[in-house]
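The sequence and the model are shown first.

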Amino acid sequence: RGAMDMDKALQALQALYSSPDNATKKQADEWLTKFQQTPAAWQVADAVLSRQDLPVQFRFFAAQTMRTKVQFDFYELPADQYANLRDSLLNRIDAFRAPDAQPIHTMLAIAVADLAIQMDAAWPNAVQLLFERFGKNQDSYATLLEILRMLPEETMNYKLMTDTVKRDSSRERLQQAAPQVVHFLLMLQCPNVQARKKVLECFLSWVQFTNLQAADMSQNPLIPECFRNVTEGTELSETATDIIVEVLRMSSLDLQFFQPVIKVVLSLLPPLRDKFEARLAQGVEQALESDADGLLQICRIFVETGECLVPLIMEQSRNEEVLSILRVILQCTDLPSQEISSIPDGFWHRLAHEVCRHPETDAKIDQFQGIYVGLLSVIIRRSAMNASEDPFQAEPEDRQRMVYLAEDCLEILTPNSALEHVLKSLQEGQQQGILVQEAHFFCLSAVGARADVRSESVLWQLIQSLPPLISKPVDETTSAGIILHYTKKTAIELLGKLAAKWLKTRPDILRLALEMVSTLLCQPQQGLPAPALERVKQVQLSASAAFKDLCYAGKAHLHDLVPQLTQLYISTMTLPIRMHVYVVDGVGQVVAHLKSDDQFRQSLEQIVMPLVNGIASQREQPQVLSEILDRLTTIIRQIHVQEGSVKAVNVGTLISSGFWPVARQTLEWHPGDSKVVEKACRLLKHSMRCTPDLFKPLVPAVASTLVPAFQAHQHSSYLYSAEILANTYAADPEIIPVLTSLFHQLSTTALQVLMNARDKLEQITELVEDFYGMFERYLRYVPMIVLEAATLQPTMQLWLEVIFVQQKDAIDAVIAFIEAVFSLVAEGSQPSGRFADEKKVRHGQLLRPQALQVGPRLVVAIFKLIAQVPTRNVQEALPCVLEGIRGAFLQEFPGWLEEGLKTLPPSVASPAEQMKLGQQMVAGDTNSVYDAVQDVCYRCEQVALRDRGNQDSTTSKSGKGKR
């Protein structure tokens, strides 16, 4: 049998690497991927590795197979075979030291490292044995270094399917071996750069994954060597940078303990700073062109030094050594390379947070103002557009980052101080052209809205200068004209941002701004070439958003302008809906705040009735109908009236005579159009919420419309409307019969559709979402309707299938209902007492038999789902589901859980590991359950990737692949 497997494997490898036919290659690759997962692969891989006459690709496949077998299938190997496998790997690996066999050498080193972890107590002296085997002959040093490098990495590599206890034991053994390993690395004399690189890479691995002693590290000659490599820009500079960064990260864990190391690092920084300044002295662009990698490395080191020394920086903010570090980090932030300039972002945020979270450090805040003023200047410079690019096509990538950095500056400088600095910078840079001006406008959008309104502020002069700027004509044929057009867009957005706090205090300026924005909204678009038309549309979109912001800010000052605003609202209906909705929103806000009842009624009718009256003429235009419904919904959402008031009566009348007929008609005309249905149901929801008491007489008619419409066309929006009705009228005994009939009829129809579509639920996720959403909402507000429904039990049985639906909203709704059910069952298990909710106890007791029936299979389904690797969202939710089931069925849960864990693939967890994970889920707190479920999810994900052949393709030429 072994010879037959060997022959088949060699034939497949021959086809994979030599066949001219792609289909044959693909077939061979698939066969080999599956073969790697069979027990026979152990023996075949070992035999192929022993054959010097076979091509190197064949032996790479064998090494890769051996690594994946140790990583995933170690459970297949009898314990009495462990030592044989170890000896075989150690005998094979040294034969692959040659450069052309390096990928095989690396793969076998990983396999040996993984085997040391998997064997655990069966190979307790792994490091010592490796030194005895490969440490006595210089020719074998490369092998020793490769395995030593992999040992710490693999101990922390959670793609290795091993027991937690084995991983912990390995970590302890490596910690004990660390001094011996470091001593060996220090004594090695390397004949060439590549050999030295292996030494440094091995040292990096042990620095990253073990805790080395501070005294030893401070005297370790490899640290100065790494700084020399970075300063001189050698081939080893990247690895050297990684080592320095890791040493700093390690030191940050305990500054007091690692003080000797920090002292050494600080003493080695000046040559790096000198190199950095010398490069920048050539000119920034020249520096980046000639040595971008060197600048990146220096930036990483200085930023990591800053991160490590934040407590020290706060204590010694006037120390020249500290200031010099901050200046280099600031210069890095100012480099026109996003890869480099983004590295310090986290440092600036952390420093600002640390300084400000201690009230007693107000004096310290003052000391950091200078550096953050410098950072604010950098933000303005980095926000500037490129003069050679069309900003409408490619807005600078850094801009959102700049907003976040500006927020950090506000923490230190205060919004008021930051505003004055930006305004001063704008005044000083006024002569530098439109690009600089636009960058300041952009920064003011982030800063100005947070600052306090001051009558004497220079910002008022700027605000008053914006309308004339925005009104300037634009020459679309020149790059300067395009930049001016974009600057107008930024100025409009700035006005919108300043409206709520600044412009609302100056109605005269607000009106001026509103007039200017209104003019832009009415700008004709006919005859413009396509690029210019697109730019006008972008500016108009910004203008419509600013219009809304201005109306919101001026809702108490613009009542006399309602006729003009209404006229603008009507005249701009030809704008795209995404723009016009902003206009509707703004005008609706002003109308909603009118004091006079008559003026409110008349104005509301003036903006509503054109839409209502236009419905009939658009009967055959579902897209237009959807947009009309959107506008009506936007209006009604603005209206907040006091129950029983004249305004409430007027709104109720408008809903009865306008909104409801419109919704009903559109549902009758287009019951099968999901978009129209969704918009109509949304309008009903907001109408209902606006005046629930006056909408109440319409509820029977609404219900009688929803049922036949849903029976004909199963759009989920109908179910959502039923949810809102329950939410609104659950406490009204007169409406309960309507809700009961509605729920029974809708749930019966929906359940039948879902049962018939069990094999294609992913195609009807919206229905899944709103079906379970309706059950959860009714269970919460009118539980007896659900508890008495014939559809309850089959709906719960369907959990076993809908739990596999991965669309976020759908699975969220399913999980919410599952949690609601088990939460009620848990309430029902509580002893009666003074603090018990008797209704919930009774409801839980009624639910318990049905939940008990489905519970065991649900737990099994959950673990089958985990094995299939659900989405991250589902992985995050499942711990709460399991906790809910545990809380409802404390006695039964351990048995259910045991059955669920048994369904996992054997590679995922050994019986011992399954027991440990099970104990966490049965007896652990919320955090323990979460950790255990996430561990299982991660393990299943790695096994699934391997099963699909995604860990490493058999054709991969790389050494490590995805480890």
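In this predicted model, helix α12 (residues 222-232) and helix α14 (residues 259-281) have axes that come within 10 Å and cross at roughly 10°. Because angles under 35 degrees count as roughly parallel, α12 is roughly parallel to α14. On the α12 side, the contact is made by I223, P224, F227, V230 and T231. The α14 side supplies V264, V265, L268, L269, P271, L272 and K275. Sorted by class, the contact of α12 with α14 has 10 nonpolar residues, 1 polar and 1 charged.

Another helix pair is α37 (residues 736-756) and α38 (residues 765-781), whose axes come within 11 Å and cross at roughly 145°. The crossing of α37 past α38 is left-handed. From α37, the residues in contact are L739, L742, F743, L746, S747, A750, L751, V753 and L754. Their partners on α38 are L767, V768, F771, M774, F775 and Y778. By class, the contact of α37 with α38 holds 14 nonpolar residues and 1 polar residue, with no charged residues.

The two pairs are set out below.

Single residues come next. C308 lies in helix α15 (residues 284-308). Is C308 buried or exposed? C308 has a relative accessible area of 2%, so it counts as buried, the cut-off for buried being under 20%. Leaving aside residues up to four places away in sequence, C308 touches L248, S251, S252, L255 and I262.

Q638 is part of helix α31 (residues 622-638). With a relative accessible area of 9%, Q638 is also buried. Beyond residues up to four places away in sequence, Q638 touches Y552, D585, G588, Q589 and A592.

Most residues other than glycine have a negative phi. D120, in the loop between α6 (102-119) and α7 (126-134), has a positive phi, near 55°. Its relative accessibility is 14%, so D120 counts as buried. V869 sits in the loop between α43 (838-867) and α44 (872-888), and its phi is positive too, near 65°. V869 has a relative accessible area of 22% and is therefore partly exposed.

What does the secondary structure of the chain come to? The chain has 47 helices and 0 strands. Of its 963 residues, 54% count as buried. Along its principal axes, the C-alpha trace spans about 100 × 75 × 70 Å. Among contacts between residues at least 6 apart in sequence, 73% join residues at least 24 apart.

The chain is divided into domain 1 (230-237 + 249-344), domain 2 (697-789) and domain 3 (793-952). Between domain 1 and domain 2, the C-alpha centres lie 62 Å apart.

Terms used:
Residues are numbered from 1 along each chain as its sequence is written. This is a predicted model: local features need pLDDT of at least 70, side-chain atom pairs count only at pLDDT 80 or more; totals for chains, interfaces and linings use all residues. Side-chain values use heavy atoms; hydrogens and water are left out. Domain bounds come from an automatic or database domain assignment. Axes are lines fitted to C-alpha atoms, for helices over the stretch in contact, and angles run from 0 to 180 degrees between N-to-C directions. Helices (H or I, at least four residues) and strands (E, at least two) are DSSP runs, numbered from the N terminus. A crossing is left-handed if the near helix is turned anticlockwise from the far one by less than a right angle, and right-handed if clockwise. Contact means heavy atoms within 4.5 Å. Ala, Val, Leu, Ile, Met, Phe, Trp, Tyr, Cys and Pro count as nonpolar, Asp, Glu, Lys and Arg as charged, and the others, Gly among them, as polar. Buried means under 20% relative accessible area, exposed over 50%, partly exposed in between (1.4 Å probe, protein chains only). Angles under 35 degrees count as roughly parallel, over 145 as roughly antiparallel, 65 to 115 as roughly perpendicular and the rest as oblique.
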